Amino acid sequence: MNFLDRFRYRYDNLKELDANISSDKKNLNYNNPILKSLLSTSVKVTPEIFPKIDSCIQSVFKKLELKNNFNFFVTANHNQTQASCAMMPESDSAEIIITSRMIELLNINELSYVLGHEISHHYYQHNIYPSPNQAKSKMELLKLLHLSRASEISADRAGFLGSGDIENSLKAMLKIASGLSEKHLTFNFSSYLDQLRELKQIKGDQNQMYSTHPSFLNRMQALVWFSMSHEYHEYFETNKNGVYDLKTVDQKINESIKKVIGNELDISTKEIFSNALMWCSLKIFIADNKFTKKEQKLFEKNFGEKNTASILSLLKISKPKSIEVKINNALNEATNLLMAEREKLFNELKKLNSVAESDQKIVQTSLNDIKKKLKI
Ligand SMILES: [Zn+2]
């Protein structure tokens, strides 16, 4: 086990997703023609051609205690500060491509942060995570983005550990975010963290919600917090104690990102949950083709007057088939919920419907059907 496993960000985990989203390793686009042509037009890093970059690479692998099975390339791009990691799933080798602009902008110590970051994407096998482009619903999209942002937090930590220096890592982040060199930047980190506070006060930036990367402000803050963890200090024997335990750090980061991007994932979860609870209750109540006064009262108590009134008029004017479609839609959407949420939904349904006036056998059949559809 490498220490990178120990320091992996808690939310950078496929288990954050539900059973419906499986990573299809066969679909990975390694044979991407753009990537292929990029590799054929880029210059491979060798000690002869790029001695400084090459020794920087060696030192990062040493610090990360990993074997270097990688190929590094520099590609001519004067506009974009980019580095990317192209890899085959479960392969022990990868290609890392860095733009010339990135190399020009960063000094060699800062570059080691970028290299550590990219190398760790391969170590953590982030390429097996489903791409947000594959999302079939908004909920799924939000969750895949959440996972993608989480993977960046882990990779940033590896960048820091690979460079061995928090200042250089933060400087690299700032240079990449601003595109500016030393000439124009002052590295007063507390003022950037002030910027983060302001961002939260305006209740986040909605554009960030659909971003695959967390805001650079969140990322800087996340790294500073990580460098203050007991676990980090203990492992690297810094003679300092640290301020937080790593679990607290991870929770703080998650909350901080949520404040910036807005709580959309939580809000969507709640909406889907309560919608499914309402339609599934109805399914059970009307399983015997009756919606008794007592059931209506209970329904109203749980889902409100307005919802009950519209359900009643819907029942009057719609064919049973179209009600069933609505119920199934709500159930389908609920399959996107995390496992814990689906179980909670099912338990609440059981509780709520223990008072249904239908025959218990009919109630049980409906519950079983719901259970099966929720995949629990
Ligand atoms: Zn990355």
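Predicted model: local features only at pLDDT ≥ 70, side-chain atom pairs only at ≥ 80, totals over all residues.
Helices here are DSSP runs (H or I, at least four residues), strands are E runs of at least two, and both are numbered from the N terminus.

Then I looked up who touches whom, counting a contact when C-beta atoms, placed from the backbone, lie within 7 Å. From H3 I listed Lys52, Cys56, Ile57, Ser59, Val60 and Leu64, which meet Ile108, Leu111, Ser112, Leu115, Gly116 and Ile119 of H5. These residues split into eight nonpolar, three polar and one charged. In that scheme Ala, Val, Leu, Ile, Met, Phe, Trp, Tyr, Cys and Pro are nonpolar, Asp, Glu, Lys and Arg are charged, and the others, Gly among them, are polar.

**H6 and the glycine after it**

Next I went to H6, whose 26 residues reach 37 Å from first C-alpha to last, close to the 38 Å expected at 1.5 Å a residue. The expected span is 1.5 Å times one less than the number of residues. I found 22 of the 26 residues of H6 buried. Buried means 20 or more other C-beta atoms within 10 Å of a residue's own, exposed means 12 or fewer, and partly exposed is in between, with C-beta atoms placed from the backbone.

Just after H6, Gly164 takes a positive phi of about 75 degrees. Gly164 sits in the loop between H6 (138-163) and H7 (166-178). I have Gly164 as partly exposed because 18 other C-beta atoms lie within 10 Å. I also checked Gly164 against Tyr235: they are 71 residues apart along the chain, and their C-alpha atoms are separated by 13 Å.

**H9**

H9 (residues 216-227) is mostly covered too, with nine of its twelve residues buried. Among them I wrote down Leu217, Met220, Leu223 and Phe226.

Most residues other than glycine have a negative phi, so I looked for exceptions. Glu237 has a positive phi near 45 degrees, in the loop between H10 (230-235) and H11 (246-261). Glu237 counts as exposed because it has 7 C-beta neighbours inside 10 Å. Lys375 has a positive phi of about 55 degrees and lies in the segment after H16 (360-373). Lys375 counts as exposed because it has 12 C-beta neighbours inside 10 Å.

**Whole chain**

I counted up 16 helices and four strands. The C-alpha trace spans about 85 × 45 × 40 Å along its principal axes, and 34% of the 376 residues are buried.

**Bookkeeping**

I number residues from 1 along each chain as its sequence is written. Local features need pLDDT of at least 70 and side-chain atom pairs count only at pLDDT 80 or more, while totals for chains, interfaces and linings use all residues.

Methods:
Contact = placed C-beta atoms within 7 Å.
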